[in-house]
Amino acid sequence: MIELGTDVRVRFAPSPTGYLHIGGARTALYNWLWARKTGGKFILRIEDTDRERSTQASVQAILDSMTWLGMDWDEGPGKDAGTGPYFQTERVAIYQGYVDKLISAGAAYRCYCTKEDLDRARALHKARSGSEQGFRYPGTCRERKTEPAGKHVIRLRAPSTGSTHWDDLIKGRIEIGNDTLQDSVLMRGDGIPLYNLGAAVDDISMGITLVARGDDHVINTPQQILIYKALGVALPKFAHMPMILAPSGEKLSKRHASVSVMDYHEQGFLPDGVLNYLARLGWSHGDQEIFTRAELIEKFNWEHCGDTSARYDLKKFQHVQASQLRMLSPSTLAQHVVPFLAKRGLTVSANDPRLLTAAPLVQPRATTFIDAADALDYFFRPAPVMDEKAKAKFLGADRLPLLGKLAAVIEPVTPFTREPLESAVKSWLEQEKLELKDVAQSARVALTGRTASPGLFEVMEVLGREVTLARLRHG
RNA sequence: GGCCCCGUCGUCUAGCGGUUAGGACAUCGGCCUCUCACGUCGGUAACACGGGUUCAAGUCCCGUCGGGGUCACCA
């Protein structure tokens, strides 16, 4: 059991090279949940050192996605708590300071090899081994006595003997032989840090106590531990979570599914639906599948994070989303669905009594807000959009007299609500020796334009007397 | 290829030496019923393989096979 404490400081450190991916969202979620559970701090840091690929639009997309999901950060863009700035490109002076310390500690050195030198060495390696893989920096500048003026990168002086290990919160003890390490570049010639330096220095200077990230970073951890040790700083805990795979087992990408968080917003998913699904993809709490946000915070832990990669499953995702949608109060559902009604050209107020009455009717019939808006459509149009096939089948000329009678039967019913309507219609049917199913589908098509809808009397109640009678009489 | 991680129903998972291997999604069938859903009842379906250790192995160890990650002046 990991101790709770107020000293928990976790972070999510995305690179703004695209939208926020659902894999990234899950990484953020586990960190955020842990911070909220423990009363610790959740820090958002933007790792924008790849100038070529980083864009302002991506930064905004990440911020928007985090905000939509409701994962608020305690420190980060717009919230400086003294550990900022939170964009790595604004922290170059900090990295330079740490690099100086690393060099004087003998843990790093300046390397003056040019790109061409390295390309030559790499070509030589390939010629010998038949592959570019496995190339290691030959160490040309490692023991250099003189320091020529000029452009240089900073390299890690990696040990070649012994091993580096840590106890991963998810994967247990991991040990990697130092002979697999190499003198990798920590800082570019232009003073911009590379991932391992930036991440380690930021985690140190921001006081991060638990580094939780995707397990594609396992291999980076030894180098970062080396940096911590060279600086004489206490190590954080590490938790490496498995990746999310496509249903086919490949790395999940756009080709397989909607991977951008904001896609789910547009598709009418609930933030809580996304969070619930992502939480269960790689973490469990006994047999429970559906969690409120508060339950997630209360119950999340690292012990029950699985160490196997999980495959994305839209069907299950939809089920979780539908379950979350059903948990909404009518007024909350109304608020969420109004923009989706607007997209259909239907201007409806979230306080519209028809909407509030209809909301519980569509709730068990919808997965997303798009579905809900579709199911609500005919309540708010002057006339329903008619399914022509249904009309041909159920609204033939022979059916109209019956619907006229039905209209006459319900016309005087007061109040115009489901129970009185139902009993009035039932007793009429009894007299006529008819069954409800003899008239129900025709009435449904007349009222809604389609063959599937909530119960007939509920629909009538929402439509109200005027509209119901008009539609039955083919207004 | 080297190094690292992983292997329970199709999928997400529970399990932490003794279970008729449980739940959920999906799927199939029944019930409910004015349609469609919701709900509900039930079925099919899994410990990758081979060696150990042990009275006893899905649970521990080794190997094989399989999957994934990573080997950049990307992150």
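Contact, as the word is used in this tour, means heavy atoms within 4.5 Å. The structure is a predicted model, in which local features need pLDDT of at least 70 and side-chain atom pairs count only at pLDDT 80 or more, while totals for chains, interfaces and linings use all residues. Residues are numbered from 1 along each chain as its sequence is written, chains are lettered from A and ligands numbered from 1 in the order in which they are written, and side-chain values use heavy atoms, with hydrogens and water left out.

**First stop: helix α17**

Please select residues 436–448, which form helix α17. Helices here are DSSP runs of H or I with at least four residues, strands are DSSP runs of E with at least two, and both are numbered from the N terminus. The expected span of a helix is 1.5 Å times one less than its number of residues.

Within α17, colour Val439, Ala440, Ser442, Ala443, Arg444, Val445, Ala446, Leu447 and Thr448, which are buried. Buried means under 20% relative accessible area, exposed over 50%, and partly exposed in between, with a 1.4 Å probe and protein chains only. Against which elements do the buried residues of α17 pack? They pack against α14 (388–394), α15, α16 and α18. Just after α17, Gly449 has a positive phi of about 85°.

Next, display the side chains of Arg418 and Glu461. A salt bridge is a side-chain nitrogen of Lys or Arg within 4 Å of a carboxyl oxygen of Asp or Glu. Arg418 and Glu461 form such a bridge, with their closest N and O atoms 2.9 Å apart. Because Arg418 belongs to helix α16 and Glu461 to helix α18 (residues 456–472), the pair ties together parts 43 residues apart in sequence. Arg418 is partly exposed, at 25% relative accessible area.

Another salt bridge, 3.8 Å from N to O, joins Glu432 and Lys405. Glu432 is in helix α16 (residues 418–432) and Lys405 in helix α15 (residues 400–410), 27 residues apart. Glu432 is partly exposed at 35%, and Lys405 is partly exposed at 42%.

Now select Arg45 and Asp202, whose salt bridge brings the closest N and O atoms to 3.4 Å. Arg45 lies in the loop between β2 (41–44) and α2 (56–69), and Asp202 in helix α5 (residues 195–205), so the pair ties together parts 157 residues apart in sequence. Arg45 is buried, at 0% relative accessibility, and Asp202 is buried with a relative accessible area of 0%. The whole structure contains 33 salt bridges. Those that share partners join Arg11, Arg45, Glu47, Arg91, Asp202 and Asp203 into one network.

**Last stop: RNA strand B**

Finally, show RNA strand B and the 59 residues around it, of which Thr49, Asp50, Arg188, Pro364 and Ser453 come nearest. A residue is near the strand if one of its heavy atoms lies within 4 Å of it.

A polar side-chain atom of Ser284 is 3.2 Å from a phosphate oxygen of RNA strand B. A side-chain N or O atom of Glu289 is 2.8 Å from a base nitrogen of RNA strand B.

Which element gives the largest share of the surface near RNA strand B? The tour returns here to α17, which provides five residues.

Definitions and conventions
A polar contact is a pair of N or O atoms within 3.5 Å; within protein, one must be able to donate a hydrogen and the other to accept it, and residues adjacent in sequence count only if both atoms are side-chain atoms.
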